[in-house]
Amino acid sequence: MTLLRNGPFVRLWTGQTISELGYHLSLVALPLVAVIQLDATATEMGLFVGVGMAPMAFAWPFFGVLADRVDRRRMLVATYTGRAVLLGSLPVAALLGLFSMPWLIVVYFLVSTLHVAFSVVSPSLLPALVSGRELVDANSKLELTRSAAMIVGPSIAGFLVELLGAANTVAIDAVCYLAAAGLIVTLTVPKRAGAAETTAAPPAASVWRDIREGLSTVFGDRLLRPMAISSGIMNAFFYIRTPILALFVLEDLGFSAGSLGLILAAAGPGALVGSFVVRRVNDRVSLGTTVTWAAFIAGGPVLIVPLVPDNSLWSLGLLILSTFTVSAGVQTYSISLVSARQIMTPDHLLGRVNATFRWVAWAATPVTAVVSGLLAELFGLRGAIAVAGAGLLLPALFLAFSPVRGTRIVPGLAGQPS
């Protein structure tokens, strides 16, 4: 109950909860716009996701430097406000008759750029609001409500697109981001003994020197390095699957948009389970062991997807089970990994370490998203998803033969052998 009495954390948590609800609406609505309203092909879907994911390939280090140089609270507000404006432009474009695939791609690219900034600054701000021993619990709570948003958002997104139109559905996300920005504007970072500051040392003379310091910190560490590389492998193969999953479900199997929403919504309960169990698991075994096993649970069930034969109720159940299990594994993996990184990293490096880690984890995704369309053309949608499923077994194997699996990572004892 301690965290629930922590006003700044509760404000951060509430703002992020609201924004996540809108985010998971548009996460389903935008691809549905492309597939249903704009008749996108597999190649166009790969291009759409690839361009939208392009900031993942280059933006992380620069936002990491920025997060270590400026007020992190203000930077977080800017990420919310900017995305509200961009997504709010879609209904305006529709009204003016300008709504098209190029417009959608531009908005997705810019929103993704700000999402990168958010993904760097939010976990960098959190250690200033809670103590080190509360980080796993705090990250679990943040991910718990994100999981709830994953249930609600996809469940209703397809139906909202049919009821309100695609642009108006995405506009709901813009309103959510504005509400989140309003909460963070009034957030006060506590000044207490042992608390980190939201900004650290004075800016270095060179941005490139700061970037190099973040890179050397991650790649010079025997634990951070394999964690980052395994995440890069995992995300690369997930983004072979992601751009073509909607096409596979809607076109190859013949499910409806509402059924697609239900399949994607299964990620929510899975993530809820992951959020609930992660603290208990980490109380019993090391963070390193948890990360390794969670990587296997996150990847293995993807191999079920290309084996689904038709659009029967049984097939729907298999797809929902796969999505549920993958999400539980991803959630456990992510919470453990973020908490370990926050515990191990000094505050003055936290922005750059978070950014470098995420850069390694996401840099390949724009390329593999585009490649997914090419693989689908060559081997069919089933074949491309099977390649993704096989590749998703690699991160767990990589971690199993690294120092991560046998290492305890707790405040004050980071990096101690089990």
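Predicted model: local features only at pLDDT ≥ 70, side-chain atom pairs only at ≥ 80, totals over all residues.
## Overall form

The protein contains 17 helices and two strands. Its C-alpha trace extends over about 55 × 50 × 45 Å along the principal axes. A compact globule of 418 residues would have a radius of gyration near 22 Å, and the value for the protein is 20 Å, which agrees.

Of the 418 residues, 57% are buried. Among contacts between residues at least 6 apart in sequence, 86% join residues at least 24 apart. The accessible surface amounts to about 16,400 Å², and carbon and sulfur atoms account for 69% of that surface.

## Helix α5 and residue R83

R83 is located in helix α5, which covers residues 72-95. Is R83 buried or exposed? R83 has a relative accessibility of 2%; because this is under the 20% limit, R83 counts as buried.

Leaving aside residues up to four places away in sequence, R83 touches V111, L114, H115, F118 and Y177. The C-alpha atoms of R83 and S112 are separated by 8.8 Å, although these residues are 29 places apart along the chain.

## A nonpolar surface patch

V92 also lies in helix α5. Its relative accessible area is 46%, so V92 is classed as partly exposed, a category between the 20% and 50% limits.

Which residues form a nonpolar patch on the surface? The patch consists of V92, L95, L96, L98 and W103. Together these residues have about 520 Å² of accessible area.

## Helix α6 and residue S119

Helix α6 comprises residues 101-125, and S119 is found within it. With a relative accessible area of 8%, S119 is buried, because that value is under 20%. When residues up to four places away in sequence are not counted, S119 touches W60 and R358.

## Helix α13

Helix α13 runs over residues 287-299. At 1.5 Å a residue, its 13 residues should span 18 Å; the C-alpha atoms at its ends are 19 Å apart, which agrees.

Which residues of α13 are buried? They are L287, G288, T290, V291, T292, A294, A295, A298 and G299. As a general point, an α-helix has 3.6 residues a turn, so residues three or four places apart point the same way. Among the buried residues of α13 are L287, V291, A294 and A298.

How values were computed:
Residues numbered from 1 in each chain as written. Heavy atoms only, no water. Helix = DSSP H or I, 4+ residues; strand = E, 2+ residues; numbered from the N terminus. Expected span 1.5 Å × (residues − 1). Buried < 20%, exposed > 50% of the residue type's maximum accessible area, 1.4 Å probe, protein only. Patch = residues over 30% accessible without salt bridge, like charges linked within 9 Å, V, L, I, M, F, W, Y side chains within 5 Å. Areas by Shrake-Rupley, 256 points an atom, 1.4 Å probe, with all protein chains shown as cover. Salt bridge = Lys/Arg side-chain N within 4 Å of Asp/Glu carboxyl O. Rg over C-alpha atoms; globule rule 2.2 N^0.38 Å. Contact = heavy atoms within 4.5 Å.
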